Amino acid sequence: MKSERSVGIDCLRAISIIWVLLYHFVPLQIFNRGTFGVLLFFIISGYCIAFSVETSQSAWHFYAKRLGRLLPALIVCGLLTTLFKNVMPDLVEPGRGVTWFDYVYTLISLPTLNVLRVDHHLPDGAYWSLQIEFQFYLFCFLMMALGLKQRLLALLCVVTIFRTLTTSTDFYTSNDFFPFFITGMSVAALVRGRSREAIIGIAVAFSVELYHLNFNVKQPSVAIEMYRSLLLWSGTAAVYLAARYDHVLLRSLRAVAVPLAFIGVISYPLYLLHQDIGNMILHWAHIGRDYNSALFVRAVVLPGFLAAMAWLVFALVERPAIKPLTALLANPLAWVRRSQPSAAGSRYQAAAPSGDVARQEPVG
């Protein structure tokens, strides 16, 4: 694994995506809360974004890193999903059709929170969580642009409390997801030794979640219930342990940790590809939800095939594109100058290693 990745965090990513896959494909009662895997992703995201903010030179540099991280796989996976749906429309579930306009506009609407207010369909049903993620990213971007980078966690807590207390419990918002980002950022503060800030952040997140539970706040994506609160508490502990004892996990449970971490590495393209393409494959193979004999296909064969697709996207597109795209978005003019060296320089100068040493941060 690359040194900038945390094996423990990648193992949690693997648990999250496996949880979601089993929820979507295996019709067993034990997996009926698979969307909790997405909530665990949100905690992990909060943890990683805290480090990304800290190592960003400016607000735009931070957002360029987010776009560089998410867009390559999103472009390719969205393209594949849209292509499959248009080539084989008979396999698409009712209401899940998508046009090429929907695909192209999704690449604009997600990073801008659909600022143009254009009605469109997301290429895959799983993309709803990206809308929540980008809300979190844009909040961080705005606070950094206002020069409030050092107070980001405190401001996120204040805004979340304000929205919670001023929004009707019958009105659906994304606010009830923000305690998960808060706890992730609080764990990052705790790892950095800012214990007081971390404890306050965790206390706010837990209190807001209990408020949602007590007042029956409506949330159609992930129903608010006690199990969800338990996930917030246990997920926060899990992220802390994964971050703090990463080296112990790799040393003591290497045979399990390394395969899990690999799944975590490809979890983002796997998440983007899995739901609608997976269901189309099941439809094509005439595998219904009531066939117990098909559980092996649903639980092992299909996820394995989708993981192979995700690995190809990661290896051929995501991994090689992240750094160049980030550099291009962060500073287009500098990127052009670097990509077009003078003839004399390219002829007589040997490539020298950069003097800039990037600070380590978990890959978000």
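Reader: What are the ground rules for the numbers?
Author: This is a predicted model, in which local features need pLDDT of at least 70 and side-chain atom pairs count only at pLDDT 80 or more, while totals for chains, interfaces and linings use all residues. Residues are numbered from 1 along each chain as its sequence is written, and side-chain values use heavy atoms, with hydrogens and water left out.

Reader: What makes a space a cavity, and how many of 30 Å³ or more are there?
Author: On a 1 Å grid over the protein atoms alone, a cavity is a set of points where a 1.4 Å probe fits but cannot get out; a pocket is an open set with protein on both sides within 12 Å along at least five of seven lines. The structure has 3 cavities of 30 Å³ or more. Volume here is the space filled by probe spheres set on the points, which are joined across faces, edges and corners. For the largest cavity that gives about 330 Å³.

Reader: Which residues count as lining the largest cavity?
Author: Lining residues have an atom within 4 Å of a point. There are 21 for the largest cavity, and Phe 41, Leu 70, Glu 133, Tyr 137 and Tyr 268 are the closest to its centre. H2 supplies the largest share, 7 residues; helices are DSSP runs of H or I, at least four residues, numbered from the N terminus.

Reader: What is the make-up of that lining by class?
Author: The lining of the largest cavity has 12 nonpolar, 5 polar and 4 charged residues. Ala, Val, Leu, Ile, Met, Phe, Trp, Tyr, Cys and Pro count as nonpolar, Asp, Glu, Lys and Arg as charged, and the others, Gly among them, as polar.

Reader: How does the second largest cavity divide?
Author: Its volume is about 100 Å³. Its lining has 3 nonpolar, 7 polar and 3 charged residues.

Reader: Why is H3 called roughly antiparallel to H5?
Author: Their axes, lines fitted to C-alpha atoms over the stretch in contact, come within 8 Å and cross at roughly 160 degrees. Angles run from 0 to 180 degrees between N-to-C directions, and those over 145 count as roughly antiparallel. Therefore H3 is roughly antiparallel to H5.

Reader: Which residues make the contact?
Author: Contact means heavy atoms within 4.5 Å. Among those involved are Trp 60 and Leu 70 of H3 and Phe 134 and Tyr 137 of H5. By class, the contact has 15 nonpolar, no polar and 1 charged.

Note on methods:
Helices (H or I, at least four residues) and strands (E, at least two) are DSSP runs, numbered from the N terminus. Angles under 35 degrees count as roughly parallel, over 145 as roughly antiparallel, 65 to 115 as roughly perpendicular and the rest as oblique.
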